[in-house]
Amino acid sequence: MFADRAKIVIKSGKGGNGHVSFRREKYVPNGGPDGGDGGNGGDIIFQVDDGMNTLSDYRYKHKFSAGNGEEGGKRNCHGKNGEDLILKVPEGTVIKEAVSGKVIADMSGENRRQIILRGGRGGLGNQHFATPTMQAPKYAKPGQDSIELEVLLELKVIADVGLVGFPNVGKSTLLSRVTKAQPKIANYHFTTLQPNLGVVDMEGGKGFVIADIPGLIEGASEGVGLGHEFLRHIERTKVMIHMVDAASVEGRDPFEDIQAINRELKAYNPELLKKPQVIAANKIDAIYGNENDTISRLKEEFEPEGIKVFPISAVSGKGLKELIYHVSHLLEEMDDVPIVYEPEFDLSMYALKDEPFTVEKDEDGTFVVEGPKIEKMLGYTNIDSEKGFLFFQKFLKDQGILEELEKLGITDGDTVRMYGHAFDYYK
């Protein structure tokens, strides 16, 4: 099943904790600290797979986690690094932060592989904290936490030319005539339920990729019909072919159809209307009477705006050569640089975001500090030793907790309580 969108949760690996241990060997008096460092957590990596063309692999599984780093060991043994997780996606996949909708990465062009979330660094073992005055540190550094992020994957078809138009105007038939693609064709609305791609072969190897975008209807930009689901695929195209039913087989006015589609494109993304456009007036072989009336009206209305009109018959092939050569000429005038979306979401700032903590003052004048990171540090730090206490005090300063206490009016001698521990405050 074709899937061009998926919302998943990705989580990097947690860094392993540093180890606290001391050398204990026969005939080796006064063995020093030998606690090893924790292993680094695994990264979340996105990689382009040329064999994929949908996001169906992410349709039913929504949570992906890299491996955690292992804790360091005694005898200076380094913990094992967590295993990286590689998520394969088709080329053209845009990775966005789910809440803000900002682009994290665009897996297009030369960007074939990118680390999206880095694993937490492993904590240092107690061997690193030995000094001439503190030769037996009983504390080690905990590993960095993992990072969890909800992302939206959007596949935007990479094609030079996009075929747009209302349902049943002959887009699939045109695609089958000018390329070797074999889309499903039938005489009813929404035959095309997914973008179909085909390569138009030109002389001298100057071919181009054309995409048949599922039929749009009025209100598509607001989520009506299938159009809203596939409007995003037009964003990467360089040239748009408006296909209309010039014979009005179903009683539609081709002029009104073009105006209606342009309104939907503008409502979805005004930048789309800046792309070069061409009008393919299809089904001229079904026009009864003078075909010039319909074609002339379209030319009078749109060619002054620089939009050329080509009367064609996708069934018989009439006029297709002129249309394709004109589109090829438009593409030659444009640069070959693929449309790649620039990153908007700063992952480094997200990774460094602080876990919440609270600083409050009780009725009895005691200051209470709580928060998950504080609880973890207390669990890994030997605050009974002078060195360990100074280490924990530096942590409180770096996290801005001491500053918050001062804002609440703490003075020398006041009591600070943290998860069963009580301290006297002195600046």
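**Entry 1. Phe255 and the aromatic pairs**

I looked up Phe255 and found a relative accessible area of 13%, so this residue is buried (buried means under 20% relative accessible area, exposed over 50% and partly exposed in between, with a 1.4 Å probe and protein chains only). The model is predicted, so I note that local features need pLDDT of at least 70 and side-chain atom pairs pLDDT 80 or more, whereas totals for chains, interfaces and linings use all residues. Residues are numbered from 1 along each chain as its sequence is written, and side-chain values use heavy atoms, with hydrogens and water left out.

Tyr58 and Phe64 form an edge-to-face pair, with 5.4 Å between centres and 65 degrees between planes. Tyr58 has 4% relative accessibility and therefore counts as buried; Phe64, at 8%, is buried as well. Phe255 pairs with Phe302 in a tilted arrangement, 5.7 Å centre to centre and 45 degrees between the planes. This pair links distant parts of the chain, since Phe255 belongs to helix α3 and Phe302 to helix α4 (residues 292-302), 47 residues apart. Phe302 is buried, with a relative accessible area of 2%.

I took helices (H or I, at least four residues) and strands (E, at least two) as DSSP runs, numbered from the N terminus. Which residue caps the N-terminal end of α3? Asp253 does, with a side-chain oxygen 3.0 Å from the backbone nitrogen of Phe255. Helix α3 covers residues 254-268, and its 15 residues should span 21 Å at 1.5 Å a residue; the end C-alpha atoms are 21 Å apart, which agrees. The expected span is 1.5 Å times one less than the number of residues. Within α3, the buried residues include Pro254, Asp257, Asn262 and Glu264.

I repeated the check on helix α5 (residues 320-332). Its 13 residues should span 18 Å at 1.5 Å a residue, and the end C-alpha atoms are 18 Å apart, in agreement. Among the buried residues of α5 are Leu320, Leu323, His326, Val327 and Ser328.

**Entry 2. Nonpolar cores**

I defined a nonpolar core as a set of buried Ala, Val, Leu, Ile, Met, Phe, Trp, Tyr and Cys residues joined through side-chain atoms within 4.5 Å. Which members of the largest core touch the most other members? Of its 37 residues, they are Leu174, Phe208 and Val327. At least two residues of this core come from each of β9 (161-164), α1 (171-178), β11 (208-212), β12 (239-245), α3, β13 and α5. Helix α5 gives the most, with six residues.

I listed the contacts of Leu174 (contact means heavy atoms within 4.5 Å). Leaving aside neighbours within four places in sequence, Leu174 is in contact with Leu163, Met243, Ile312, Ala314, Leu320 and Leu323. A second, separate core has 25 residues, including Leu55, Ile95, Ala105 and Leu117.

Asn282 lies in strand β13 and counts as buried at 3% relative accessibility.

Lys283 is in the loop between β13 (277-282) and α4. Although not a glycine, Lys283 has a positive phi of about 65 degrees. I noted this because most residues other than glycine have a negative phi. Asn76, in the loop between β3 (63-65) and β4 (85-89), also has a positive phi, near 60 degrees. Asn76 counts as partly exposed, at 42% relative accessibility.

Glu110 is in the loop between β6 (103-107) and β7 (113-117). Is Glu110 buried or exposed? At 82% relative accessibility, Glu110 counts as exposed. Glu110 and Val340 are 230 residues apart in sequence, with their C-alpha atoms 9.7 Å apart in space.

For the chain as a whole I recorded nine helices and 18 strands. Buried residues make up 47% of its 427 residues. Of the contacts with a separation of 6 or more, 72% join residues 24 or more positions apart. The chain exposes about 22,400 Å², and carbon and sulfur atoms supply 48% of it; accessible areas come from the Shrake-Rupley method with a 1.4 Å probe, and for residues only the protein chains shown count as cover.

Notes:
A polar contact is a pair of N or O atoms within 3.5 Å; within protein, one must be able to donate a hydrogen and the other to accept it, and residues adjacent in sequence count only if both atoms are side-chain atoms. Rings of Phe, Tyr and Trp (its six-membered ring) pair if their centres lie within 6.5 Å; planes under 30 degrees apart count as stacked, over 60 as edge-to-face and the rest as tilted.
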